[in-house]
Amino acid sequence: MEGRITGITGSVLEVAGSYGDHARVQMTNVTSVWKVRPTTAAEIEIGDGLYARGVPMPDGTVAADAVWVNIVNIDTTIRGIAKNRVHLSHGQHEIVGHVRQDTTNASYAGRALTSDLSRLRIGQSAQVLGAWRPTDNSVDVVRISVGH
């Protein structure tokens with residue numbers, strides 16, 4: 001299930017799907033939640049994007065075993081590099097990627113992840129895994145892979 005969170009009632013998330021469908025996602029004490037890093041349901045907000053995996057219940061609610069909040073995985077081109085951000089393009093869209101000291105890593109040519117971003121270059125194609133920020137349409141970069 002996927003969509004945008006339109007309401008939260010207790011441990012149930014109301015979700016408007018991208019194709020006009022609506023769903024309810026039941027969070028449980030064993031639901032794993034990812035939002036830039038593993039976290040808790042308390043970090044989920046109205047307006048967040050969501051992908052959820054779980055078991056459909058008789059009433060149509062999905063009992064989630066895993067929820068990924070605001071996750072993005074996009075093909076980009078690096079257009080600019082600054083100390084705490086990278087400027088990216090994805091098709092006709094410009095995206096600001098926030099570099100976070102505690103979570104951002106790079107992979108060069110499929111090698112192991114490293115926190116060293118010094119080998120990133122303007123013009124490189126990059127695959128970016130991160131978390132979308134709905135408030136300003138930017139992305140917190142978790143992993144940037146180049147030379148893949």
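Modeller: Gladly, and please keep in mind throughout that this is a predicted model.

Biologist: Which residues of the largest nonpolar core touch the most other members?

Modeller: The general idea is that in soluble globular proteins nonpolar side chains tend to be buried together. Here the largest nonpolar core has 17 residues, and those touching the most other members are Ile78, Val86, Leu88, Leu120, Val128, Ile144 and Val146. At least two residues of this core come from each of strand 8 (71-82), strand 9 (85-90), strand 10 (93-99), strand 11 (105-108), strand 12 (125-133) and strand 13 (138-146), while the largest share, four residues, is supplied by strand 13. There is also a second, separate core of twelve residues, which includes Leu13, Val15, Val25 and Ala64.

Biologist: How should I read the pairing of strands, and how many bridges link strand 6 and strand 7?

Modeller: For each pair, look at the direction and then at the residues that stand opposite one another. Strand 6 and strand 7 pair over seven bridges in the antiparallel sense, with Val55 having Ala63 in strand 7 as its bridge partner. These two strands form a hairpin with five residues between them, and Gly60 in the turn has a positive phi of about 95°.

Biologist: Which other strands are joined to strand 7 in parallel?

Modeller: Strand 3 (residues 22-26) runs parallel to strand 7 and is joined to it by two bridges, with Gln26 standing opposite Ala63. Strand 4 (residues 32-35) is also parallel to strand 7, through three bridges, and there Ser32 stands opposite Ala66. As for burial, strand 7 (residues 62-69) is mostly covered, with six of its eight residues buried.

Biologist: What separates Ala52 from Val62, in sequence and in space?

Modeller: Ala52 and Val62 are ten residues apart in sequence, and their C-alpha atoms are 8.6 Å apart in space.

Definitions and conventions: Residues are numbered from 1 along each chain as its sequence is written. This is a predicted model: local features need pLDDT of at least 70, side-chain atom pairs count only at pLDDT 80 or more; totals for chains, interfaces and linings use all residues. Side-chain values use heavy atoms; hydrogens and water are left out. Buried means under 20% relative accessible area, exposed over 50%, partly exposed in between (1.4 Å probe, protein chains only). Two strands pair if DSSP finds at least two bridges between them. A nonpolar core is a set of buried Ala, Val, Leu, Ile, Met, Phe, Trp, Tyr and Cys residues joined through side-chain atoms within 4.5 Å.
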